[in-house]
Amino acid sequence: MPFPVTVNGQRAASSGGNYAYAINNKSSFDNQIASMLYVKWLLEESPIFEDEGSIPALKGEPLLDSLAEFEGVELLSDNPPMAGEESLYDDIRMEAEVLSGDYPPSEVLEAALYGTKELDDLMNEWNEQWTKAQESFGVEVTEDGVTSAFSGADATDGADAGADATDGADAGADATDGADTAADSGDSNGDDAAE
């Protein structure tokens, strides 16, 4: 489950997709129509989102009771990294040694068991480690956004930060537009898309 954060009084949480649906544009017209009807049924009528406890794919659908804590939280879609920054997050994470391996949860547990550190002190240490790692890779965080030494651009440029998590989940999309419509289906080139 995503962890909501508050910035300037607005709560937000990442809502990256899990699996997406694709229709192979190289399959027969009849198979494309059948596939579109299946995806439409899946998105509009099936109980899959209730069964899985996930955010409904269609805009405007209410959140499940189990996600009530996210009422009023702006759900943000993750954008792909800019060219040259594909490994930046992992590089920072490894340098900071904060979000890697089993040690961070173990450190919290040890502090709780032995009373060696307060949680606020631990979080401050991790924030300091993360900031130093960002600086070592030329990442500057300001109130206006994030600037990276790799791109020299504000990381929010072109990003639809306020996008609803369901952008792109258009069940009626034309699958015969000449391009595979695989999106985050585990096979980004569409070779294994449903026929």
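1. Met36 counts as buried because its relative accessibility is 17% (buried means under 20% relative accessible area, exposed over 50%, partly exposed in between, with a 1.4 Å probe and protein chains only). Met36 lies in helix H1 (helices, H or I, of at least four residues, and strands, E, of at least two, are DSSP runs numbered from the N terminus). Ala22 is 14 residues from Met36 in sequence, and their C-alpha atoms are 9.0 Å apart.

2. This is a predicted model, in which local features need pLDDT of at least 70 and side-chain atom pairs count only at pLDDT 80 or more, while totals for chains, interfaces and linings use all residues. Residues are numbered from 1 along each chain as its sequence is written, and side-chain values use heavy atoms, leaving out hydrogens and water.

3. The chain has an average pLDDT of 74, and 70% of the residues score at least 70 (pLDDT is the predictor's confidence in each residue, from 0 to 100). Residues 153–195 have a pLDDT below 50. Where pLDDT is low, the predicted coordinates should not be read in detail.

4. In helix H3 (residues 88–96), the buried residues are Leu88, Ile92, Arg93 and Ala96. They are on the same side of H3 because they cover an arc of only 135° around the axis (the arc is that of the directions from the helix axis to the C-beta atoms). Glu97, which follows H3, has a positive phi, near 55°.

5. Glu107, in helix H4 (residues 103–114), is buried, with a relative accessible area of 12%. Leaving aside residues up to four places away in sequence, Glu107 touches Lys117, Leu122, Glu125 and Trp126 (contact means heavy atoms within 4.5 Å).
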